[in-house]
Amino acid sequence: MIRLLIISDLILLMVLISSIACGQVIDLDEEQESLTQDKFEKSTMYYISPGDFGYQLGLRNMYNLIESSLEIEPNDFSRFVGFGMGLKRKAMYYNFYAAFQPFTSPIVKTSGTLRTVADFSTVFAEITAGRAIISTDRHNVVLKGGLGLFGNEIQVRRFTTDSFDLNRIGIGQGTAWPLLEHYSGTYDIALELIPHPVRTLAVMASFQLGYKGSIGSPNWMSPDAFLFNSISDRISMVYLRMSLVISRQY
Amino acid sequence: MLGFLITLLLFPSDFVFSNEKLIRQNQEEYASIVIYVKSGRQLAVIDILFDDVPVISTLPKNTYFLIKHRPGKVSLKTKGRMWRNLIEERDYSLTLEAGNTYYLEAKMEYQVLMTSLHLVRKSSQVGAKETNNMRGEIIDLTKSN
């Protein structure tokens, strides 16, 4: 809720700014030949991505195990919120970006009075470098490649939905599995569509379509207990990232 | 047509002289402003105003507008017709000299929650070259001023 309020405040602020950003008379008596965008060689950029959508094609070993053992079907579709920074030098783009899942929806299976709940959460971070391979009058299409870290956590718990005496809070009424963690290095390939900034401080929208794949196939671990018969998994995720880019030009 | 040829054969120098004089008179009476759009779609409805009067409202791509205007200082404005607080108003000034042609390229800029229409002054050579194969429309403001 706080995040929604912050985002709505930002939108309101930008609407107010846009309504007052006028008044200066531009003298056309001198020939300009181009908009100011061609003069900018350097930019620092800040990325805010409220809509970063991923479709997980990997992690099949753990997902199959959970599905067969707990009869819970993990959701392959994830929504992330991310933040990042970037530098632009002529046609080259350098970025750092990190994202997490703000709205994790637990997957619940109820059988009689027995309820099983599995919480899935994912975080990732990446460093990318890219080059504008297509440059139109208004946009750059940037081919990016990079390396990153991708982390998954799964917490499973099972309890009865019978009435519970709060005076017996010390005893509990269910079972929890150890927290399961999987961290993997990733490589990243993406195409980003980003406008040319026209003014020294620009707020732009960027769209990025990409793929993340695992480097190696690490085993699942747990911070709570040593895992016997651990299994390995690979990350394989297609994503679409819509970002708000605040760009300062030099 | 026959009459024209006979006139040309009988009074060639007078005809050419008078025609040139007429053209020169016309050129000296007004200046021409060519506003053109090379590419891209106009996703917002933005008017171009001359001295606060809307003159151009739609900007199809690959099109130019030749505006005949009296000499002197003219103020131009790009202003949204709808959702005005999401469209930046931009004010320009241009000093017109009779007989001269001024080329302005109209460029849209789409930012998050803010759209702008920029007018960019181009040289005669560049402007003439870029508008060479475009569709054109003439707007005469000399009488309305």
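A salt bridge is a side-chain nitrogen of Lys or Arg within 4 Å of a carboxyl oxygen of Asp or Glu. By this criterion, the side chains of B:Arg90 and B:Glu88 meet in a salt bridge with an N to O distance of 3.1 Å. The structure is a predicted model, in which local features need pLDDT of at least 70 and side-chain atom pairs count only at pLDDT 80 or more, while totals for chains, interfaces and linings use all residues. Residues are numbered from 1 along each chain as its sequence is written, chains are lettered from A in the order in which they are written, and side-chain values use heavy atoms, leaving out hydrogens and water.

**Salt bridges**

Over all chains, a search of the whole structure finds 19 salt bridges. Three of these pairs are tabulated here.

| Pair | Closest N and O atoms |
|---|---|
| A:Arg157 and A:Asp119 | 2.6 Å |
| B:Arg81 and B:Asp47 | 3.0 Å |

Accessibility is given as relative accessible area: buried means under 20%, exposed over 50%, and partly exposed in between (1.4 Å probe, protein chains only). B:Arg90 is buried at 15%, and B:Glu88 is buried at 6%. A:Arg157, at 31%, counts as partly exposed, as does A:Asp119 at 23%. B:Asp47 is buried at 10%, whereas B:Arg81 is partly exposed at 41%.

**Strand β2 of chain B**

Strands are DSSP runs (E, at least two residues) numbered from the N terminus. B:Asp47 belongs to strand β2 of chain B. All 5 of the 5 residues of this strand (residues 46–50) are buried, so β2(B) is largely enclosed by the rest of the structure. One side carries B:Ile46, B:Ile48 and B:Phe50, and the other B:Asp47 and B:Leu49.

Two strands pair if DSSP finds at least two bridges between them. β2(B) pairs with strand β5 (residues 72–80) of chain B in the antiparallel sense over 5 bridges, and B:Leu49 stands opposite B:Lys77 there. Strand β3 (residues 53–56) of chain B also runs antiparallel to β2(B), joined by 3 bridges, with B:Ile48 opposite B:Ile56. β2(B) and β3(B) form a hairpin with 2 residues between them, and B:Asp51 in the turn has a positive phi of about 50 degrees.

**Nonpolar cores**

A nonpolar core is a set of buried Ala, Val, Leu, Ile, Met, Phe, Trp, Tyr and Cys residues joined through side-chain atoms within 4.5 Å. The largest has 28 residues, and B:Ile48, B:Phe50 and B:Leu94 are among those with the most contacts inside it. A second, separate core of 22 residues includes A:Leu70, A:Phe120, A:Leu180 and A:Trp220.

**Aromatic pairs**

Rings of Phe, Tyr and Trp (its six-membered ring) pair if their centres lie within 6.5 Å; planes under 30 degrees apart count as stacked, over 60 as edge-to-face and the rest as tilted. The whole structure holds 7 aromatic pairs over all chains. The ring centres of A:Tyr97 and A:Phe124 are 6.3 Å apart with planes at 40 degrees, so this pair is tilted. A:Tyr97 and A:Phe124 are both buried. The rings of A:Phe226 and A:Phe228 have centres 5.2 Å apart and planes at 85 degrees, so that pair is edge-to-face. A:Phe226 is exposed at 68%, and A:Phe228 is exposed at 69%.

Technical notes: Helix = DSSP H or I, 4+ residues; strand = E, 2+ residues; numbered from the N terminus.
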